[in-house]
Amino acid sequence: MKHAITDPRYRTGFILVTTLFFMWGLSYGLLDVLNKHFQDALHISKAQSGLLQAAYFGAYFIIALPAGMFISKKGYKAGIITGLSLYAIGALLFVPASNAMTFPFFLFALFVLACGLGFLETAANPYSSALGAPETAETRLNLSQSFNGFGQFCGPLIGGLFFFEGTSAEQPAAQNGAVTITYVAIAVVVLLLIILFARTKLPDLREAESALDEKNASANQRSLTSHREFIGGVITQFFYVAAQVGVGAFFINLTLETWNGFEAKDASYLLSIGLLAFMIGRFISTGIMTRIPASRLLAIYGVINIALCGVVMTGLPGVASIAAIGIFFFMSIMFPTIFVMGVKNLGSKTKIGSSFMIMAIVGGAVMPYFMGKIADGHHTALSYGLPLVCFIIVAVYAALYDRLSIKAA
């Protein structure tokens, strides 16, 4: 029997929640541009600029478990509104950070903002995947995540247009003015979303999850640690996010070092092409996933990205950057697919399981620093060897998934 992507009863909620994926995709897309911007404006090294990702994704690790507990008690809607509120506060903190012109203040603003995103992801990922039949959960979340890809595509376009305009080492305050205006505009949009969510009735899926628990009683008597597909999923998600963040964080540096004639602004636009490939990959792959099992497609994409990282490491002019763009395309389905594969059998434990999945995003806090150290000491192209190792782990998890997964009786 063929199932619809989402239950008609949940269509409005699905559309509204999908807007959140765009908003945190936009924030992430801007983050990769901020790396190069702060290297120029605040005179920091590549390794130091990697602390932006450390603050950003470290917040996910800290907030995910409290967010999951909060959502379990108060529901998905309350979790979404709380996340949006923190998102707006963090964006507005860019105003005093810009006035102070200190890197730690910007790190704090991003940390608060990312705490909000951690709340949103803990709520929205399982919420989207649950708004319909379990058989279409991967397809549904990949569709929502496609709009996350559109937000990531828009981020570098905005950053390239404004953050590097008139860039000079002597005018850091002027450079950061554009950054501040951008984040204030984001805060205004987020505040409007808070009002919209507060006024909209969303389905509360806690009863449906309880019913699923009763149906799968034997499976749900087991602890989280007995779900091998979940444990493997959390570990794999850690390494996947590490790879994704690292590939994007140093893409601009990679292009500037390997492709003559490019300036930071041009490389930022090229990053947007990579993120456009990421978005297109999600839409195309969502369709492919209706014909090919998610785990098999994930394994294929993992192997392709291993090869593409190897090409990037050669540092060939033009070729390295084009290969990196290819990596974005084949990363497209990885986060949502790993997420759903890990939590789809957890029933009422889905919220707490989702919290651990979101905590695994801390991989993105670790990778940029080590890639930055390699880039500072050797060459940015060589640093892509670390994502290569991560994609090996993704491919192995996907290949072994059917053996790991224990279906509920």
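Let's start with helices H14 and H16, whose crossing is left-handed, meaning that the near helix is turned anticlockwise from the far one by less than a right angle, with right-handed as the clockwise case. Helices here are DSSP runs of H or I with at least four residues, strands are E runs of at least two, and both are numbered from the N terminus. H14 covers residues 294-313, and its axis lies 11 Å from that of H16 at an angle of about 140°. The axes are lines fitted to C-alpha atoms, for helices over the stretch in contact, and angles run from 0 to 180 degrees between N-to-C directions. So H14 is oblique to H16; the cut-offs are under 35 degrees for roughly parallel, over 145 for roughly antiparallel, 65 to 115 for roughly perpendicular, and oblique for the rest.

Who touches whom? On the H14 side we have Ala 294, Ser 295, Leu 298, Tyr 301, Gly 302 and Asn 305, and on the H16 side Met 334, Thr 337, Ile 338 and Met 341, where contact means heavy atoms within 4.5 Å. By class, that contact has 6 nonpolar, 4 polar and no charged residues. Nonpolar here is Ala, Val, Leu, Ile, Met, Phe, Trp, Tyr, Cys and Pro; charged is Asp, Glu, Lys and Arg; the others, Gly among them, are polar.

A quick word on the model before we go on. It is a predicted one, where local features need pLDDT of at least 70 and side-chain atom pairs count only at pLDDT 80 or more, while totals for chains, interfaces and linings use all residues. Residues are numbered from 1 along each chain as its sequence is written, and side-chain values use heavy atoms, with hydrogens and water left out.

Back to H16, residues 334-343, which also packs with H6, residues 103-130, at about 75° with the axes 11 Å apart. That makes this pair roughly perpendicular. Glu 121, Asn 125, Pro 126 and Ser 129 of H6 meet Phe 335, Phe 339 and Val 340 of H16, a set with 4 nonpolar, 2 polar and 1 charged.

Now, how do H13 and H15 cross? Their axes come within 7 Å and cross at roughly 30°, so H13 runs roughly parallel to H15. The crossing is right-handed. Residues from H13 in this contact include Leu 270, Gly 274, Phe 278 and Ile 284, and those from H15 include Ser 321, Phe 328 and Met 331.

Zooming out, the protein has 20 helices and 0 strands. Of its 409 residues, 60% are buried, which is under 20% relative accessible area, with exposed being over 50% and partly exposed in between, using a 1.4 Å probe and protein chains only. Among contacts between residues at least 6 apart in sequence, 83% join residues at least 24 apart.

Ala 360 gives us a local example. This alanine sits in the loop between H17 and H18 and is buried, at 6% relative accessible area. Its C-alpha is 5.9 Å from that of Gln 237, 123 residues away along the chain. Leaving aside residues up to four places away, Ala 360 touches Val 234, Gln 237 and Phe 238.

Last, the cysteines. How many disulfides are there? The count is 0, with a disulfide taken as a pair of cysteine sulfur atoms within 2.5 Å. Cys 390 is buried at 3% relative accessibility, and Cys 115 is buried at 9%.
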